[in-house]
Amino acid sequence: MSIGIGLLLHQNFDRAAQLTHALLREGCRIAVHIDAKTPSSETEDYVKLFANHPKLTLTKRIRCEWGTFSLVRAQLLASEAILMKFPEVTHVVQLSGSCLPTRPIAELQQFLANNQGTDFIESVVAGQKNWIKGGLEAERFSLYFPFSWRKQRILFDGCVNIQRKLKICRDMPKGLEPHVGSQWWALCRGTLTAILNDPCRREYDRFFAKCWIPDESYFQSLVRKHAKRIESRSLTFSRFDQQGNPMMFYDDHLEYLEHLEGFFVRKIWREANSLYETLLAKDYTADQRDREMRLAFAAQTERLEGRRNRGRTGLSMQSRVLKHLNNRSETAAPYSVLLGFDKTFLGIDRWLSEQIDQPVHGDLFAIGQAEMAQNTSLSKGNLTGHSKIRDYAPLDFLVSFVWNHRKEPITFQFWSVKKEKFFRFLANDPNARIHYIRYAWVPELMRENITNLAVLKRRVTALMEMDRQRIDALSAGHANFKIYALADVLAKPASILYALIEELAPKTETKPRILPKTVDWQGLEKFTNLLKNNGMNIDFELAEHARPEWHDAKTTPVLIAE
Amino acid sequence: MKLSRSYKLRLLRKKWQLRTWRKRKDLSFVKLGDAAFEPSGIFVFTTLRNEHHRLPYFLEYYRNLGITQFFIVDNDSNDGSAEYLLAQPDVSVWHTKASYKSAKYGVLWMNQLLYKYGSKHWCLNVDCDEFFVYPHVSKRPIRALTDWLDTRSLRSFPAMLLDMYAKENLEDIEYDAGQNPFEVLNYFDSGNYTQQNGGRYGNLWIQGGPRQRKFFANQPRKAPALNKIPLVKWKSSYVYTSSTHSLLPRSLNLTFDDRGGEKISGCLLHSKFLPDADSKISEELHRQEHYEEGQEYKAYGSQTSRNLNFWTANSTRFQNWQQLEDLGLMSSGGWA
């Protein structure tokens, strides 16, 4: 017995010659189809080398166009030639010029000898959307494709759209069910002979000649009619990305190749010298296939391929621009924002940082330099807190800050009046966990001792409006948030702070003994009464009994009555 | 895009072509390298002035990547660069005494050579202190990249300028000609870059890095642009419009994804801050041949340039391209 190889070539004939030599050396019989489009200047040497080789035959050349029936015809020509010329052939394997063996050919021979009567061809029922990546599926069979996809893209697309509108639907020939799969198959002699001699073959050919990419469906469908036993997998490993482009293999993939499924791999980059040298060497041997290596290969490939479609969340860089679509901010990692805590407790950031053993930054958007933990002016990645640089592109600053610290917990404070656009960004970020003390500005305002009532009134109205807008933004946005009432915080600081520590660092065990001092709020009641009596509707006691609760974007927030 | 706008851009492109044509007499031909017309060649285009001690490693680096031919405009060097270039078989040389500034900072010279020699080739446009890093650079030659770009029908490839600096003060750095500059300049800023979208050429505008934080903290808007598109499959109708920051037609500048994915990109490691930097800075200040009256050089000059040091405890030590990708400075964009 021996293996027959149908080899389709259209470029890189020096590489093809290397492959052909190696296959012949191992005792394969080969039928070569050379694309008629390739100028003879390129193919000359190859033809001269092999024209008179007893174990190789060159078929009639036809012009091949990707996506059309011409490729099936080329495969048919090669298959016919093998069956006719080499009666000793038991299995026919389809390969292209950019394939290489990953296991010794002797091993393949042994494998096929052990599997007499089995056809190895990927053959999946069409229309289940699990095999084809990017492109038409069931419509490959039901529509007409008179235009070239590569050269007449507009006409091609237009033609498909019109046919969809006209609801054109061709019927499959009787007795066939559409199947799709890789065109790099290995069929046994009996099955292939039956396919070639099928009494309805003329009808089938006519039908498939009008299908799209029939080389991925012709044999795959017909084999279902004639095969005795099908193993639906290809012996040639290939991989396609989300856009349907085949993966290229380079020298650095060498260590993985022998562990991949199958006996061949495609496509090989034409200048992958060490792949050609190693895999085509006379004494090439391969180790036992190692599952770990195969998984490592899959993981690495998926990680790199995945970049193109999904990208890394929250990364803003030269080839990925963040658009913050649908009012939804995008950052790289969860972070906590404290609002009003520094207005209520003295030295809260340092105290909190000690309790949870994590950095707690001050107001990153403070007027003047960003107040980063430990009073540094540069943070990770040399991101500077310099006010002019930060304010030059404030959103980039935050996005970079979160990206740079994405592998560690992030907590910072925020107050910064007049940064409302920025607050809305936070409120729309699903990564943000916002702790908000309402009316936190009151004690500070009280201590300012403003005697001019008109001025005071103006200040209070502005601050209340800010509070209201922020809460509106939170309830409309995507961030998780928790609203505290000032009176509550002042009355029970311990329970509020313990809960906060619990949340920022759930594993913290020892309860702190010394609480940070609250700001001086002597006379707060008198001050609020003063405001109320002057017509300002400031009502924070109302919330005194309400426990602060988490609101995530999905539930309707329970707001404190105004 | 509106028709009128796209027509305006077309006129603009013609204007740049005309400008290029008007400067055709600037360059006087010196010599053509051996493989200047090789149909499958990948070419480097460079303008330089007094770079003798940077040249050996520059040529070596790009030869190792698989560059077959260098097209170099020598802007009147007097340090032996010209003689050195003459002795290199794979270098084509032009000489000019004309003003770098009036040739739009060398852009018009580059456009001219690209038009004449670059068409249908992948062309890499870099300065002598820029070292191109792309995904898999350590294991795959540049032709692997350009072949891959061809299969994806991509015509241009972005690479952000990454300023590299030493841990020592400028005056304490030791560098020998021919040495890999990144043995000395082995630190960079990893996370302080800003991207601005828009502009009439559609390109991204990237700023940040050590020069912005050190020299332009009070006027960040004026910090140097770091976005570059150095690698292009050239056509005779293309023009660079401002250094290698942007090109026309506009579609060549759209090298980024704004729907969540990452397109492929690389970095240009910038070895500007070698020991000769301070003498260069004072020379350029004197010549006033650089961008915006040497805004940048003025800013450097105002610092005591001999003690120049960008290093901080937050600087990142350079390892390899994977590190740059993990940090999010470049992306393999689906090239596995």
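Reply: Let's begin with burial: a residue is buried if 20 or more other C-beta atoms lie within 10 Å of its own, exposed if 12 or fewer, and partly exposed in between, with C-beta atoms placed from the backbone. Helices (H or I, at least four residues) and strands (E, at least two) are DSSP runs, numbered from the N terminus. Now the case: 6 of the 6 residues of β3(B) are buried, so this strand is largely enclosed by the rest of the structure. Both of its faces are covered, with Gln69(B), Phe71(B) and Val73(B) buried on one side and Phe70(B), Ile72(B) and Asp74(B) buried on the other.

Me: Before we go on, what kind of model is this, and how is it numbered?

Reply: This is a predicted model, where local features need pLDDT of at least 70, side-chain atom pairs count only at pLDDT 80 or more, and totals for chains, interfaces and linings use all residues. Residues are numbered from 1 along each chain as its sequence is written, while chains are lettered from A and ligands numbered from 1 in the order in which they are written.

Me: And how do I read the confidence values?

Reply: pLDDT is the predictor's confidence in each residue, from 0 to 100. Chain A has a mean pLDDT of 87, with 94% of its residues at 70 or more. Within chain A, residues 542-547 have pLDDT below 50, and that stretch makes 11 contacts in the model beyond near neighbours in sequence; a contact means that the C-beta atoms of two residues, placed from the backbone, lie within 7 Å. Residues 553-562 of chain A are also below 50, with 15 such contacts. Where pLDDT is low, the predicted coordinates should not be read in detail. For chain B the mean is 88, and 91% of its residues reach 70 or more. For the complex, the predictor gives an ipTM of 0.91 and a pTM of 0.89.

Me: Back to β3(B). In which sense does β3(B) pair with β2(B), parallel or antiparallel?

Reply: Two strands pair if DSSP finds at least two bridges between them. Here β2(B) and β3(B) pair in the parallel sense over 6 bridges, and Phe70(B) in β3(B) is the bridge partner of Val44(B). Strand β2 (residues 42-48) of chain B is also joined by 4 bridges to β5 (residues 122-125) of chain B, again parallel, with Phe43(B) opposite Cys123(B).

Me: What is the strand order of the sheet they belong to?

Reply: It's an open sheet of 7 strands in chain B, in the order β1-β4-β3-β2-β5-β12-β7, with mixed pairing. β1 (28-31) and β7 (156-157) of chain B stand at the edges with a single partner strand each, so one side of each is left without a neighbour in the sheet. Helix α4 (residues 107-118) of chain B lies across β2, β3 and β5 of chain B, at about 155 degrees to β2(B). Axes are lines fitted to C-alpha atoms, for helices over the stretch in contact, and angles run from 0 to 180 degrees between N-to-C directions.

Me: Which three strands form the other open sheet in chain B?

Reply: Those are β6-β15-β8, in that order, with mixed pairing. β6(B) and strand β15 (residues 266-270) of chain B are joined by 4 bridges and run antiparallel, and Phe132(B) stands opposite Leu268(B).

Me: Which residues touch the most other members of the largest nonpolar core?

Reply: A nonpolar core is a set of buried Ala, Val, Leu, Ile, Met, Phe, Trp, Tyr and Cys residues joined through C-beta atoms within 7 Å. The largest one has 217 residues, and Cys267(B) and Leu268(B) touch the most other members. Helix α3 (residues 70-85) of chain A gives the most to this core, with 7 residues. As for Cys267(B), its contacts include Val133(B), Ala159(B) and Leu324(B).

Me: Last one: how many residues of each chain meet at the interface?

Reply: 48 residues of chain B are in contact with 42 residues of chain A. α5(B) gives the most to chain B's side, with 5 residues. Over in chain A, 9 of the 11 residues of helix α16 (residues 394-404) are buried, so this helix is largely enclosed by the rest of the structure. What covers those buried residues includes β13 (335-339) of chain A and β10 (193-196) of chain B.

Note on methods: Lists of a residue's contacts leave out its neighbours within four places in sequence.
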